[in-house]
Amino acid sequence: MLAAGESRRFWPLSAKAHKSLFHLEGMSLLERTLRSLAEAGVGRFVVVQSPPSAAAVRPSDVLPGTIGPIAFVEQPEPAGQADAVLRCADLLPADFLLVQPESINAGMMAAEFAAAPDDGQVVTVAVTPRADWQLYAVVEHDGPVLTAIVEKPATAPEPAPLCNMGVYHLRSGFLDYLRAAPPDPYAMITAVGRAAADGRARITRSAADFLPLKYPGHLWGHVRSLHAGEIPGDARRGRVIGSETAVLGPRCRLDNAILGAGAIVGADCRTAPVEHWDDLDAVVVGPGASIGSRVTLGRGVRLGADSVVRDGATVDADVPDGAVVG
């Protein structure tokens, strides 16, 4: 499980911890993913982390007595997925899954991989159609055979092409492709493409929800996944994702807002009304940020970690970590 990296696009929620440690409805995304895989029968785990992401989850905290052993491997610097996998190569069996820690339904994909035929491939990629394909790696295929993969292409062959979901079924032979790929952030995609050129790559069209987590607003997809496709609340009462340690003052009316750990929002604050909901336009209050009373937050603004907004201010632009405005 790949829980390293800087998660820069997830700022400000990633200012103090890796995005996989964000607590959603009382449980970190990392733990939810571990639970999903354990319930699907996965018995051993390797979690790759970087020093700044300091693991808040340890084996005794996650499914005690039912989950298999968890090994933690450090990736000293953010050098991409391929580097992360190779750092734990000695711990990997001949057949394993590679999972993004925000994939809280990964157990469903594990079952799909298990049911797929063994055609001698070294990599199988979970894929799903996406209209916002520009954000992901798009695959070309001939039936189940993966023929090519392109990261964030400029064009696509159809309005909703098949995109990489970031969950893979790998065999140890794929490590040779990783070792041969140029050491850059896209080495994983390069290795998949070279395996495809050798006829050793496949796709599995997944029925699972695709739950990417590039930006804070993607958390709404996780909320929908936990609530049968719906978002609790409405525009009148406000729809807010809040860490359990965040504080929301009385008479606030926040809609499409996400509050980080320890964030404080004073009384009578509101988000500026908008006509159309867009997940990625979420107002994001970073961990430890403090907002005074009667503050208005504009569409899509992000308030950095430990920032301060004084009473009565209107915020229409992002606020850096630790800044004071108003």
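View 1. Aspartate 234 counts as partly exposed, at 25% relative accessibility. The two residues form a salt bridge in which the closest N and O atoms are 3.3 Å apart, the term standing for a side-chain nitrogen of Lys or Arg within 4 Å of a carboxyl oxygen of Asp or Glu. The model is predicted, and for that reason local features need pLDDT of at least 70 and side-chain atom pairs count only at pLDDT 80 or more, whereas totals for chains, interfaces and linings use all residues. Residues are numbered from 1 along each chain as its sequence is written, and side-chain values use heavy atoms, with hydrogens and water left out.

View 2. A search of the whole structure finds 14 salt bridges. One of them joins arginine 202 to aspartate 119, with an N to O distance of 3.7 Å; this pair links distant parts of the chain, since arginine 202 is in strand β11 and aspartate 119 is in the loop between α3 (106–115) and β7, 83 residues apart. Helices (H or I, at least four residues) and strands (E, at least two) are DSSP runs, numbered from the N terminus. Arginine 202 is buried, with a relative accessible area of 12%, whereas aspartate 119 is partly exposed, at 41%. Arginine 179 and aspartate 176 also form a salt bridge, their closest N and O atoms being 3.3 Å apart, and both lie in helix α4 (residues 174–180), 3 residues apart, or about one turn of the helix. Asp95, Asp118 and Arg171 are linked in a network of salt bridges.

**View 3. Helix α5 and strand β11.** In helix α5 (residues 187–197), the buried residues are Ala187, Met188, Ile189, Ala191, Val192, Ala195 and Ala196. Glycine 199, which follows α5, has a positive phi, near 75°. Strand β11 (residues 201–205) has 4 of its 5 residues buried, so it is largely enclosed by the rest of the structure. β11 pairs with strand β7 (residues 123–129) in the parallel sense over 5 bridges, where pairing requires that DSSP finds at least two bridges between two strands. Alanine 201 of β11 stands opposite valine 123.

**View 4. An open sheet of four strands.** The order of the 4 strands is β12-β14-β17-β20, and the pairing is parallel. β12 (240–242) and β20 (302–303) are the edge strands, each pairing on one side only. Strand β14 (residues 257–259) and strand β17 (residues 283–285) pair in the parallel sense over 3 bridges, and leucine 259 has valine 285 in β17 as its bridge partner.

**View 5. An open sheet of three strands.** The 3 strands, with parallel pairing, follow the order β16-β19-β22. β16 (270–271) and β22 (314–315) stand at the edges with a single partner strand each, so one side of each is left without a neighbour in the sheet. β16 pairs with strand β19 (residues 296–297) in the parallel sense over 2 bridges, and the bridge partner of threonine 271 in β19 is leucine 297.

**View 6. The largest pocket.** The volume of the largest pocket is about 1,100 Å³. Of its 39 lining residues, the closest to its centre are Arg9, Lys19, Gln81, Gln100 and Lys214. A pocket is found on a 1 Å grid over the protein atoms alone, as an open set of points where a 1.4 Å probe fits, with protein on both sides within 12 Å along at least five of seven lines, and lining residues have an atom within 4 Å of a point. Grid points are joined across faces, edges and corners, and a volume is the space filled by probe spheres set on the points. β1 (2–3), α2 (81–87), β10 (162–171) and α5 each supply at least two residues of this lining, and β10 gives the most, with 4 residues. The lining of the largest pocket has 21 nonpolar, 10 polar and 8 charged residues, where Ala, Val, Leu, Ile, Met, Phe, Trp, Tyr, Cys and Pro count as nonpolar, Asp, Glu, Lys and Arg as charged, and the others, Gly among them, as polar.

Note on methods
Buried means under 20% relative accessible area, exposed over 50%, partly exposed in between (1.4 Å probe, protein chains only).
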